[in-house]
Amino acid sequence: MPRTAKHLWEHVISWENLVEAYHETRKGKRYKPEVMRFHRRWEEEILNIHNHLVWESWQPKPFTAFTVFEPKVRLIEAPALTDRIVHHALHRVVEPLFERRFIHHSYACRKGKGTHAATTAVQGMLRRAQAKWGRVYVLQGDIARYFPSIDQHRLIRQLERVIGDRRVLELWKRIIFAQGADGVGLPIGALTSQLAANVYLDVLDHYVTDDLGFGFYARYMDDWVIMGPDKAQLWRLLEHLTLWLDDELGLVINPKSTVYPAAQGIDFAGYRTWTTHVLPRKRNVTAARRRMLGLVNGYHAGRVTAEEIAASWASFAGYTKHCQAARTRAAIAEEIRQAAEAPPIL
C-alpha cells in the first residue's frame, strides 16, 4: 500500500500559510466591498480563522449561488470570503501531493497547463499519430453533469490514499459535505472542488494510459480525447468506458460522446485543432459576437460603459490570438463598427 502524507496539519493552519492564502484570495478582488471590509481588520479576522482551525471548530458558511450562461449554463456556488481563505490554505499544502501523481496530459486547473497548452499538446499528438498511422480517428468523451455527479464518499477514499493526516482529511470532509447533497456533488465555484474533480478523474487518466495502453490521450477536466487508427476499436472502447465509469466512479458519459475522423478537426479545450492549424470553436465565436452586439446596444441605452465593451473585446481578442482567427476577429469588429455610433474601442 502506498505511503500517505502525514504531519500536514501544522502547515495548513500556520500563520504564514493563512496570510499567503488570504493574499491569493484577495488577488484581483481588492476593491470588492467584502474584501475591503475584511482588509480593514485582516489580522483579527485571520486570527479568528486560525483559532477555529486549531480547536477544530471551523464550520463552512452557506455558499452564494448564481448562474452563468457562457460558455454554457452552469450553477456556480461560491464560498464566503473567510471560507475561501481556508480553501486556499488547504489547497496550498495538499495540491503538490496530488500534482506529482497526475499524468502530464491533464490540463485543467493546473499550474503551467490550461487551454492553450492543451491545444498545443493535442496538435502535437495528432501530428505524431498521423505520421504513425496515416488516417487517425478520435474518441471524444465527456461526463454528463460532472461536478453534481461526483460521489463524495468515493472521492474521500481517493483522498485517503494520498493524505494520512486525520485533521486535514476532516477539514476537507467538512468542505465536501457542506452542500448537504446526500453524498453526491461538489460546488463548481470552490478552489478545492477543482482540485478534487481532477483527483476524481485521475483514476480514468491512469486506467486509459497505464492499464489500457492508449498513449494519445488528453483530458481537460471532464472533456477528454483518445486517438487511434481503428474506428471500430474506438467505438468499442467508448462502450467499455461507459460501463467502467459507471461501475468505478458512478459517472454517466454524455450521450454526445462520439468517434469521428481527426480530419474534421478535434473540438477540444475551446479550439478546433488540425495538424496544420487551429481555429476558434464555432459556438465561442457565435457567443462572442452576440455578447459584443448586446453590449453595444446596452451602450446606446446607457446601461453599459465603453470600458466594459473594451474589456469584453480584449477577452475575445486574447482568446483568438492563440489560433488562426484574424479574419473572424476582423469581421466581428467591422460588424460592431457598423452599429450606429459604436464607441471607438476596437
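**Aromatic rings**

I traced a cluster in which ring pairs link Tyr271, Trp313, Phe316 and Tyr319. I note here that the model is predicted. My count over the structure came to nine aromatic pairs. One of them joins Trp313 and Phe316, with 5.6 Å centre to centre and 55° between the planes, and I logged this pair as tilted. I then checked where the two residues sit. Both Trp313 and Phe316 belong to helix 13 (residues 306–320). They are three residues apart there, about one turn of the helix.

Trp313 has a relative accessible area of 12%, so I marked it as buried, the limit being under 20%. Phe316 is also buried, at 3%.

**Second largest pocket**

I read off a volume of about 280 Å³ for the second largest pocket. Which helices each supply at least two residues of its lining? I found helix 5 (81–99) and helix 10 (191–211). Helix 5 gives the largest share, four residues. I listed the lining residues, among them Glu24, His91, Arg92, Cys109, Lys111 and Gln194. Sorted by class, the lining holds five charged, four nonpolar and two polar residues.

**Cysteines**

I searched the whole structure for disulfides and got zero. Cys109, one of the residues that line the second largest pocket, is partly exposed at 43% relative accessible area.

Conventions: Residues numbered from 1 in each chain as written. Predicted model: local features only at pLDDT ≥ 70, side-chain atom pairs only at ≥ 80, totals over all residues. Heavy atoms only, no water. Disulfide = S-S within 2.5 Å. Buried < 20%, exposed > 50% of the residue type's maximum accessible area, 1.4 Å probe, protein only. 1 Å grid on protein atoms, 1.4 Å probe; cavity = no way out; pocket = protein on both sides within 12 Å on 5 of 7 lines; lining within 4 Å. Points joined across faces, edges and corners; volume = space filled by probe spheres on them. Nonpolar A, V, L, I, M, F, W, Y, C, P; charged D, E, K, R; others polar. Phe/Tyr/Trp six-rings, centres within 6.5 Å; stacked < 30°, edge-to-face > 60°.
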